[in-house]
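Please look over the sequence and the structure first.

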Amino acid sequence: MTRLLLIGPPGAGKGTQAERLALACEVPAISTGDIFRYNVTNKTELGLEVKSFIDAGAYVPDTLTNAIVADRLKEADAAGGFLLDGYPRTTDQVAELDRLLSAEGTQLDIVVLITADTDEVVSRLLKRAVEQGRADDTADVIRHRLDVYAEQTAPLIDVYSARGLVVTIDGLGAVEEVTERILAALTERGLCASAPTT
Ligand code: ADP
(Lines give C-alpha, C1' and ligand atoms only; values in the text may rest on other atoms or scores of the structure.)
Protein backbone atom coordinates (compact mmCIF):
# COMPACT_ATOMS: atom_id res chain seq x y z
CA MET A 1 0.00 0.00 0.00
CA THR A 2 1.53 3.30 -1.04
CA ARG A 3 0.28 6.79 -0.21
CA LEU A 4 2.46 9.11 -2.16
CA LEU A 5 2.54 12.83 -2.82
CA LEU A 6 4.37 14.35 -5.78
CA ILE A 7 5.46 17.93 -5.32
CA GLY A 8 7.55 20.30 -7.41
CA PRO A 9 7.29 23.46 -9.51
CA PRO A 10 4.99 23.69 -12.53
CA GLY A 11 6.77 22.00 -15.42
CA ALA A 12 8.87 19.68 -13.25
CA GLY A 13 7.09 16.69 -14.78
CA LYS A 14 4.72 15.72 -11.98
CA GLY A 15 1.82 14.83 -14.29
CA THR A 16 3.99 12.71 -16.58
CA GLN A 17 5.62 10.87 -13.70
CA ALA A 18 2.31 10.50 -11.85
CA GLU A 19 0.84 8.46 -14.70
CA ARG A 20 3.88 6.20 -14.95
CA LEU A 21 4.18 5.68 -11.20
CA ALA A 22 0.47 4.98 -10.85
CA LEU A 23 0.84 2.13 -13.35
CA ALA A 24 3.99 0.79 -11.72
CA CYS A 25 2.63 0.98 -8.18
CA GLU A 26 -0.96 0.03 -9.08
CA VAL A 27 -2.52 3.00 -7.33
CA PRO A 28 -4.76 5.72 -8.81
CA ALA A 29 -3.12 9.03 -9.72
CA ILE A 30 -5.23 11.85 -8.37
CA SER A 31 -4.44 15.20 -9.99
CA THR A 32 -6.39 18.24 -8.86
CA GLY A 33 -5.24 20.05 -12.01
CA ASP A 34 -6.69 17.26 -14.21
CA ILE A 35 -9.94 17.20 -12.22
CA PHE A 36 -10.30 20.97 -12.62
CA ARG A 37 -9.44 20.92 -16.33
CA TYR A 38 -11.92 18.10 -16.97
CA ASN A 39 -14.64 20.19 -15.32
CA VAL A 40 -13.67 23.33 -17.23
CA THR A 41 -13.75 21.46 -20.55
CA ASN A 42 -17.14 19.96 -19.74
CA LYS A 43 -18.46 23.29 -18.46
CA THR A 44 -19.75 21.82 -15.21
CA GLU A 45 -20.74 24.05 -12.33
CA LEU A 46 -17.35 23.43 -10.70
CA GLY A 47 -15.63 24.13 -14.02
CA LEU A 48 -17.35 27.49 -14.38
CA GLU A 49 -16.35 28.37 -10.83
CA VAL A 50 -12.66 27.54 -11.20
CA LYS A 51 -11.92 28.60 -14.79
CA SER A 52 -10.92 32.19 -14.07
CA PHE A 53 -8.50 31.15 -11.32
CA ILE A 54 -6.81 28.53 -13.47
CA ASP A 55 -6.54 30.72 -16.56
CA ALA A 56 -4.88 33.43 -14.45
CA GLY A 57 -2.43 30.95 -12.89
CA ALA A 58 -3.92 31.58 -9.44
CA TYR A 59 -4.79 28.83 -6.97
CA VAL A 60 -8.37 27.72 -6.73
CA PRO A 61 -9.74 28.60 -3.25
CA ASP A 62 -8.91 25.96 -0.63
CA THR A 63 -12.53 25.31 0.31
CA LEU A 64 -13.34 24.17 -3.24
CA THR A 65 -10.14 22.20 -3.69
CA ASN A 66 -10.37 20.47 -0.32
CA ALA A 67 -13.94 19.36 -0.99
CA ILE A 68 -12.97 17.87 -4.36
CA VAL A 69 -10.11 15.88 -2.85
CA ALA A 70 -12.15 14.69 0.13
CA ASP A 71 -14.72 13.27 -2.30
CA ARG A 72 -12.12 11.69 -4.52
CA LEU A 73 -10.26 9.99 -1.67
CA LYS A 74 -13.53 8.41 -0.53
CA GLU A 75 -13.81 6.45 -3.78
CA ALA A 76 -13.11 2.75 -3.48
CA ASP A 77 -10.00 2.70 -5.65
CA ALA A 78 -8.14 5.02 -3.26
CA ALA A 79 -8.62 2.74 -0.27
CA GLY A 80 -5.51 0.74 -1.12
CA GLY A 81 -3.23 3.71 -1.66
CA PHE A 82 -2.99 6.65 -4.04
CA LEU A 83 -0.69 9.09 -5.67
CA LEU A 84 -1.52 12.76 -5.19
CA ASP A 85 -0.30 15.14 -7.89
CA GLY A 86 -0.76 18.84 -7.21
CA TYR A 87 -2.46 18.56 -3.84
CA PRO A 88 -1.79 19.78 -1.18
CA ARG A 89 -0.34 23.08 -2.38
CA THR A 90 -1.03 25.33 0.61
CA THR A 91 -0.53 24.88 4.34
CA ASP A 92 -4.31 24.87 4.82
CA GLN A 93 -4.55 22.02 2.33
CA VAL A 94 -1.87 20.14 4.28
CA ALA A 95 -3.97 20.48 7.42
CA GLU A 96 -7.06 19.25 5.59
CA LEU A 97 -5.25 16.26 4.10
CA ASP A 98 -3.86 15.38 7.54
CA ARG A 99 -7.38 15.48 8.89
CA LEU A 100 -8.79 13.34 6.08
CA LEU A 101 -6.10 10.70 6.42
CA SER A 102 -6.03 10.55 10.20
CA ALA A 103 -9.81 10.03 10.16
CA GLU A 104 -9.00 6.85 8.23
CA GLY A 105 -6.13 6.00 10.56
CA THR A 106 -3.58 6.54 7.80
CA GLN A 107 -0.97 9.07 6.73
CA LEU A 108 1.29 9.84 3.78
CA ASP A 109 4.14 7.37 3.29
CA ILE A 110 6.39 9.56 1.20
CA VAL A 111 6.65 12.94 -0.48
CA VAL A 112 8.59 12.93 -3.74
CA LEU A 113 9.98 16.35 -4.59
CA ILE A 114 10.82 16.62 -8.30
CA THR A 115 13.28 19.41 -8.97
CA ALA A 116 14.08 21.30 -12.17
CA ASP A 117 15.59 24.75 -12.55
CA THR A 118 13.52 27.71 -13.66
CA ASP A 119 14.96 27.95 -17.18
CA GLU A 120 14.16 24.32 -17.81
CA VAL A 121 10.59 24.45 -16.48
CA VAL A 122 9.79 27.64 -18.40
CA SER A 123 11.02 26.14 -21.66
CA ARG A 124 9.07 22.93 -21.04
CA LEU A 125 5.88 24.86 -20.30
CA LEU A 126 6.27 27.05 -23.39
CA LYS A 127 6.73 23.90 -25.46
CA ARG A 128 3.61 22.38 -23.88
CA ALA A 129 1.73 25.58 -24.77
CA VAL A 130 2.39 24.89 -28.44
CA GLU A 131 1.53 21.19 -28.13
CA GLN A 132 -1.52 21.31 -25.87
CA GLY A 133 -2.74 24.90 -25.94
CA ARG A 134 -3.32 25.19 -22.19
CA ALA A 135 -4.61 28.67 -21.39
CA ASP A 136 -2.25 28.88 -18.39
CA ASP A 137 0.90 28.12 -20.38
CA THR A 138 1.54 31.64 -21.70
CA ALA A 139 4.79 33.38 -20.65
CA ASP A 140 3.09 35.83 -18.26
CA VAL A 141 0.90 33.23 -16.60
CA ILE A 142 3.81 30.79 -16.30
CA ARG A 143 5.82 33.44 -14.46
CA HIS A 144 2.92 34.00 -12.12
CA ARG A 145 2.46 30.26 -11.47
CA LEU A 146 6.13 29.97 -10.56
CA ASP A 147 5.80 32.89 -8.13
CA VAL A 148 2.71 31.39 -6.53
CA TYR A 149 4.51 28.05 -6.20
CA ALA A 150 7.52 29.69 -4.54
CA GLU A 151 5.34 31.63 -2.16
CA GLN A 152 2.61 29.16 -1.26
CA THR A 153 3.78 25.64 -2.08
CA ALA A 154 7.58 25.56 -1.62
CA PRO A 155 7.11 26.05 2.17
CA LEU A 156 5.34 22.68 2.26
CA ILE A 157 8.67 21.02 1.56
CA ASP A 158 9.89 22.13 5.01
CA VAL A 159 6.70 20.91 6.64
CA TYR A 160 7.07 17.44 5.16
CA SER A 161 10.85 17.39 5.61
CA ALA A 162 10.33 17.92 9.33
CA ARG A 163 8.27 14.72 9.25
CA GLY A 164 11.09 12.89 7.48
CA LEU A 165 8.94 12.21 4.43
CA VAL A 166 10.70 14.05 1.61
CA VAL A 167 12.89 12.43 -1.00
CA THR A 168 14.34 14.77 -3.62
CA ILE A 169 14.57 13.55 -7.20
CA ASP A 170 16.36 15.32 -10.04
CA GLY A 171 13.72 15.96 -12.70
CA LEU A 172 16.24 16.57 -15.50
CA GLY A 173 16.93 13.82 -17.99
CA ALA A 174 14.78 11.37 -19.95
CA VAL A 175 11.27 10.69 -18.67
CA GLU A 176 12.14 6.99 -18.17
CA GLU A 177 15.27 7.86 -16.18
CA VAL A 178 13.33 10.10 -13.83
CA THR A 179 10.74 7.34 -13.29
CA GLU A 180 13.55 4.87 -12.51
CA ARG A 181 15.05 7.28 -9.97
CA ILE A 182 11.71 7.62 -8.22
CA LEU A 183 10.98 3.88 -8.27
CA ALA A 184 14.43 3.19 -6.83
CA ALA A 185 13.76 5.59 -3.96
CA LEU A 186 10.36 3.99 -3.35
CA THR A 187 11.60 0.39 -3.34
CA GLU A 188 14.44 1.39 -1.04
CA ARG A 189 11.76 2.36 1.46
CA GLY A 190 9.66 -0.74 0.90
CA LEU A 191 7.02 1.21 -1.01
CA CYS A 192 5.38 0.50 -4.35
CA ALA A 193 5.59 -3.24 -3.92
CA SER A 194 4.95 -4.02 -7.57
CA ALA A 195 7.98 -2.05 -8.73
CA PRO A 196 10.86 -4.27 -9.87
CA THR A 197 13.02 -5.14 -6.90
CA THR A 198 16.69 -5.31 -7.65
P1 ADP B 1 1.02 22.84 -12.82
O2 ADP B 1 1.47 22.27 -11.53
O3 ADP B 1 1.81 22.33 -13.98
O4 ADP B 1 0.93 24.34 -12.79
P5 ADP B 1 -1.63 21.61 -12.51
O6 ADP B 1 -2.27 20.89 -13.63
O7 ADP B 1 -1.20 20.81 -11.34
O8 ADP B 1 -0.43 22.41 -13.18
O9 ADP B 1 -2.60 22.76 -11.99
C10 ADP B 1 -3.16 23.71 -12.88
C11 ADP B 1 -3.96 24.76 -12.10
O12 ADP B 1 -5.03 24.11 -11.36
C13 ADP B 1 -3.18 25.53 -11.03
O14 ADP B 1 -2.46 26.61 -11.57
C15 ADP B 1 -4.34 25.98 -10.13
O16 ADP B 1 -5.06 27.04 -10.67
C17 ADP B 1 -5.26 24.78 -10.12
N18 ADP B 1 -4.93 23.84 -9.02
C19 ADP B 1 -4.48 22.56 -9.15
N20 ADP B 1 -4.27 22.00 -7.93
C21 ADP B 1 -4.60 22.94 -7.01
C22 ADP B 1 -4.58 22.99 -5.59
N23 ADP B 1 -4.19 21.94 -4.86
N24 ADP B 1 -4.99 24.12 -4.97
C25 ADP B 1 -5.38 25.17 -5.68
N26 ADP B 1 -5.40 25.22 -7.02
C27 ADP B 1 -5.01 24.13 -7.70
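Predicted model: local features only at pLDDT ≥ 70, side-chain atom pairs only at ≥ 80, totals over all residues.

Residues are numbered from 1 along each chain as its sequence is written, and side-chain values use heavy atoms, with hydrogens and water left out.

**Ligand shell**
- The ligand is surrounded by 19 residues. Being near it takes a heavy atom within 4 Å.
- The closest are T32, R37, A58, R89 and R145.
- By class, the shell has 7 nonpolar, 5 polar and 7 charged residues. Nonpolar covers Ala, Val, Leu, Ile, Met, Phe, Trp, Tyr, Cys and Pro; charged covers Asp, Glu, Lys and Arg; the others, Gly among them, are polar.
- Helix α2 (residues 32-41) gives the most to this shell, with 4 residues.

**Polar contacts and burial**
- V60 places a backbone N or O atom 3.0 Å from a nitrogen atom of the ligand.
- G86 also uses a backbone N or O atom, at 2.8 Å from a ligand nitrogen.
- Q93 uses its side chain: an N or O atom there is 2.9 Å from a nitrogen atom of the ligand.
- Taken alone, the ligand exposes 550 Å², and the protein buries 96% of that. Areas come from the Shrake-Rupley method with a 1.4 Å probe.

**Fold**
- The chain has 9 helices and 5 strands. These are DSSP runs, numbered from the N terminus: helices are H or I with at least four residues, strands are E with at least two.
- Along the sequence the pattern is β-α-β-α-α-α-β-α-β-α-α-α-β-α.
- The radius of gyration is 16 Å, close to the 16 Å that the globule rule gives for 198 residues, so the chain is as compact as a globular protein of that length. The radius is taken over C-alpha atoms, and the rule is 2.2 Å times the number of residues to the power 0.38.
- Along its principal axes the C-alpha trace spans about 45 × 40 × 30 Å.

**Backbone details**
- Y87 and P88 are joined by a cis peptide bond, with omega about 0 degrees.
- P88 sits in the loop between β3 (81-85) and α5 (91-103).
- E26, a residue other than glycine, has a positive phi near 55 degrees.
- E26 lies in the loop between α1 (14-25) and β2 (29-31).

Terms used. Polar contact = N/O pair within 3.5 Å; in protein donor to acceptor, adjacent residues only side chain to side chain.
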